[in-house]
Amino acid sequence: MARVRHLEVAELLALRDGEGTAFARAHVETCTACRGELERLYRVRAELRALPTISPPRELWPRVAAAVRQRRLRRRIAFGTSALAVAAVLLGLVVLRGPSAGVAQRGGDVWVAEAASQDLGPVISRSRQLESLLEAYRPTYKVYDAPTALAVSVLEDRIVLLDRMLAESRAIGADRQLLRGLWGERVEALETLVGLELVYEGRVVQEGRVWR
Amino acid sequence: MNGKALVLASGEVARARAGDTEALESLYHAFATPVYNLGRRICGNEEDAEDVLQDTFLEVCRSIAKFRGDGSLWGWVRQVAVSKALLLLRRERGRRVRGFEGDRFLRDGPGTPPPEPSAPIDLETALNRLSPLSRAVLWLHDVEGYTHEEVGELMGKTASFSKSRLARAHQNLREWLR
């Protein structure tokens, strides 16, 4: 008597998914064992779909929002840096072409003059150095734990505010002492940010977990 | 969709696309549970599921302006979530392969150790005991409704790979759920 060939799981799954062969379809009509297996596969799929929904154990939006804000801020800083670089190049062209075209480049002129000045040059240079350090510590996205995210966010807001104050101070021709004070505060905020990054990196490595 | 119903106010998606933070937050709260659930089922643990949730929404916030709106928003978010979950599995797998070269069982990364032959287990426990790849294929095909071609493509493999993984997953479940 010939042995009956039962269907493989793959053949039964194909049948369940409406792709079975004619042989498989005919076989389950007559084979109780394979029909039972096919019914079991239907049942398991239904049970999988009916598993209870698992909700996130905690609120992660603040982390995501902090990372999104950082990314936007970095883009703004990058845009600002590019704009200044463009201004510097334009200024260079103006200088090469002669003094008559210089008036239109007044904003860039002021900034370049500030960076080159004896009183503001060192603090601006330090500020740039710290920003490069920060860039090196931060990949495209980085998500912190809640206390670090809050501290980072406060410091970044402070830097944005200082940048606005610097721009407005220049626009109204404020004295050098005020500009020096603002640049100094900017450097302090950046130093604290870099410090936070260092501490945080050390901590997440210790805990064996890195939030991307 | 495996998760609670989504409720988004009209115009919320348009505002999210324009970068409105409140609208992005609404989007997060509308989709957080199904995305977390997907991550939890595919990755099999809470920690990785949180990473999937977080990475998915970073990507959603970054790329929503590119969402053309010609498909369902959940379909798009789910696609992002699946990519992030599979990326995480690939990273985990890479780490294990580097750490345990030569161990065939670990090449796919282990699920939880198989149960004692006599110990009865429920479907949820059995699901977590599957190897990560088998669990991912099973969930994507049987629950999320991806075709074998789509699963294969998502994993950088073929439809045949997906079919054989699914068969293996069901064989394991059959054995464990007897």
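This is a short tour of a predicted model, stop by stop.

Before you click, note that residues count from 1 along each chain as written, with chains lettered from A and ligands numbered from 1 in the order written. Local features here need pLDDT of at least 70 and side-chain atom pairs pLDDT 80 or more, while totals for chains, interfaces and linings use all residues.

**Stop 1: chain A.** Select chain A and colour by secondary structure: you will find eight helices and zero strands. Helices are DSSP runs of H or I with at least four residues, strands are runs of E with at least two, and both are numbered from the N terminus.

**Stop 2: where the chains meet.** Now show both chains. The contact takes 25 residues from chain A and 30 residues from chain B, where contact means C-beta atoms, placed from the backbone, within 7 Å. On the chain A side, α1 (9–16), α3 (32–49) and α4 (61–97) each give at least two residues. That side has 18 nonpolar, two polar and five charged residues. Here Ala, Val, Leu, Ile, Met, Phe, Trp, Tyr, Cys and Pro are nonpolar, Asp, Glu, Lys and Arg charged, and the others, Gly among them, polar.

**Stop 3: B:Ala167.** Pick this residue in helix α9 (residues 159–176) of chain B. Apart from neighbours within four places in sequence, B:Ala167 contacts A:Val9, A:Ala10 and A:Leu13. Is B:Ala167 buried or partly exposed? It counts as partly exposed, because it has 19 C-beta neighbours inside 10 Å.

**Stop 4: a helix pair in chain B.** Select α2 (residues 21–43) and α3 (residues 46–63) of chain B, which pack at about 140° with axes 8 Å apart. Axes are lines fitted to C-alpha atoms over the stretch in contact, and angles run from 0 to 180 degrees between N-to-C directions. Residues making the contact include B:Leu27 and B:Val35 of α2(B) and B:Val52 and B:Phe57 of α3(B).

**Stop 5: the core.** Finish at B:Val35 and B:Ala85, which touch the most other members of the 66-residue largest nonpolar core. Such a core is a set of buried Ala, Val, Leu, Ile, Met, Phe, Trp, Tyr and Cys residues joined through C-beta atoms within 7 Å. Its largest share, 12 residues, comes from α2(B).

Technical notes. Two residues are in contact if their C-beta atoms, placed from the backbone, lie within 7 Å. A residue is buried if 20 or more other C-beta atoms lie within 10 Å of its own, exposed if 12 or fewer, and partly exposed in between; C-beta atoms are placed from the backbone.
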